[in-house]
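Me: I'd like to learn how to read a protein model. Could you take me through one?

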Amino acid sequence: MTKNVAIQGTLGSFHHKVAQEFFTPEIKVEECMSFPILADCLVSGKVTDAVMAIENSIAGAILPNYALLDQYNLNIEGEFYLDVHHNLMGLQGQSIDDINEVWSHPMAHLQCRNFFRDYPHIKLVEDTDTAGVAREIQKRNLKGIGAIASVTASEIYNLEIIAPQIQTIKENATRFFILNTDKKSINDKVDKASLRFTTDHKRGSLATILNVMSDFKLNLTKIQSMPIIETPWKYAFFVDVTFEAYEDYIKAKKVLTIMATDFKVLGEYKNRKK
């Protein structure tokens with residue numbers, strides 16, 4: 001079956017780069033201007049897979065995307081860690097003094113905010129996509145407007161990099177989930193899982209769940225809480241666990257299904273961060 005992958009943003013975006021590196025450089029992609037649209041494309045069958053950013057080493061977790069995973073029952077078939085290098089770019093021949101506004105995704109602004117403290121004359125304007133702004137600058141020949149985007153975007157849209165790697169912390173990485181809806185993993189060597197559950201409003205409820213994971217030799221690598229909107233002051237927990245023996249995970253999952261409330265497996269896949 002031919003893969004058709006939904007990405008958030010346009011050609012040249014970081015999502016596009018992940019799709020190319022995870023699958024193949026020639027992968028067919030469907031551009032989506034928001035994550036809810038991306039989820040709709042996947043659930044409707046318009047695409048076979050999707051790439052979704054889930055957390056950044058500087059900005060932290062993208063909480064709305066956890067909600068989308070839960071709401072749409074999306075399956076995590078894999079993960080990918082991308083070193084993210086943000087570059088300030090504009091039309092050819094411009095310098096930093098020529099730039100009055102920089103348009104980009106709010107996450108890109110957040111990851112580069114220290115750079116712009118030295119340039120108070122520049123107004124930061126939020127947009128939906130990093131590469132999309134680069135394309136718009138080229139298409140409309142926008143002088144005085146800069147974009148924060150990848151080197152690939154500068155090459156695709158023939159823009160000049162005015163300042164390279166302007167992210168606050170040079171070791172800047174984003175974790176992406178590769179998603180489908182058929183509950184399949186693309187790798188036989190499954191050694192990581194993402195789980196979602198709630199607990200009772202009783203003292204030690206969460207600790208009990210975490211102890212079960214430890215007893216069955218699961219290594220907790222991430223825990224993220226998120227409010228349940230329909231039930232004020234109640235939270236869902238999203239956790240990632242790794243394991244050496246798949247049998248240990250299967251045993252733990254059977255116990256957790258009984259002990260946790262609304263227990264759900266979001267995906268079982270190959271650990272890419274070791």
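We'll go through a pocket, a sheet and a salt bridge.

Reply: First, some ground rules: this is a predicted model, where local features need pLDDT of at least 70, side-chain atom pairs count only at pLDDT 80 or more, and totals for chains, interfaces and linings use all residues. Residues are numbered from 1 along each chain as its sequence is written, and side-chain values use heavy atoms, with hydrogens and water left out.

Me: How much space lies in the largest pocket?

Reply: Rolling a probe the size of a water molecule over the atoms shows where empty space is left. A pocket is an open set of points on a 1 Å grid over the protein atoms alone, where a 1.4 Å probe fits, with protein on both sides within 12 Å along at least five of seven lines. Here the largest one holds about 280 Å³, a volume being the space filled by probe spheres set on the points.

Me: Which residues lie nearest its centre?

Reply: Lining residues have an atom within 4 Å of a point. There are 19 of them, and Phe14, His15, Ala53, His105 and Met107 lie nearest the centre. Helix 4 gives the most, with 3 residues (helices are DSSP runs of H or I, at least four residues, and strands are runs of E, at least two, numbered from the N terminus).

Me: In what order do the strands of the open sheet come?

Reply: Two strands pair if DSSP finds at least two bridges between them. Here 5 strands go 8-7-9-6-10, with mixed pairing. Strands 8 (123-126) and 10 (160-163) stand at the edges with a single partner each, so one side of each has no neighbour in the sheet. Strand 6 (87-90) runs antiparallel to strand 10, joined by 3 bridges; Gly90 has Glu160 as its bridge partner.

Me: How many salt bridges does the structure hold?

Reply: Look for a side-chain nitrogen of Lys or Arg within 4 Å of a carboxyl oxygen of Asp or Glu. This structure has 14. One of them joins Lys17 to Glu21, with the closest N and O atoms 3.1 Å apart.
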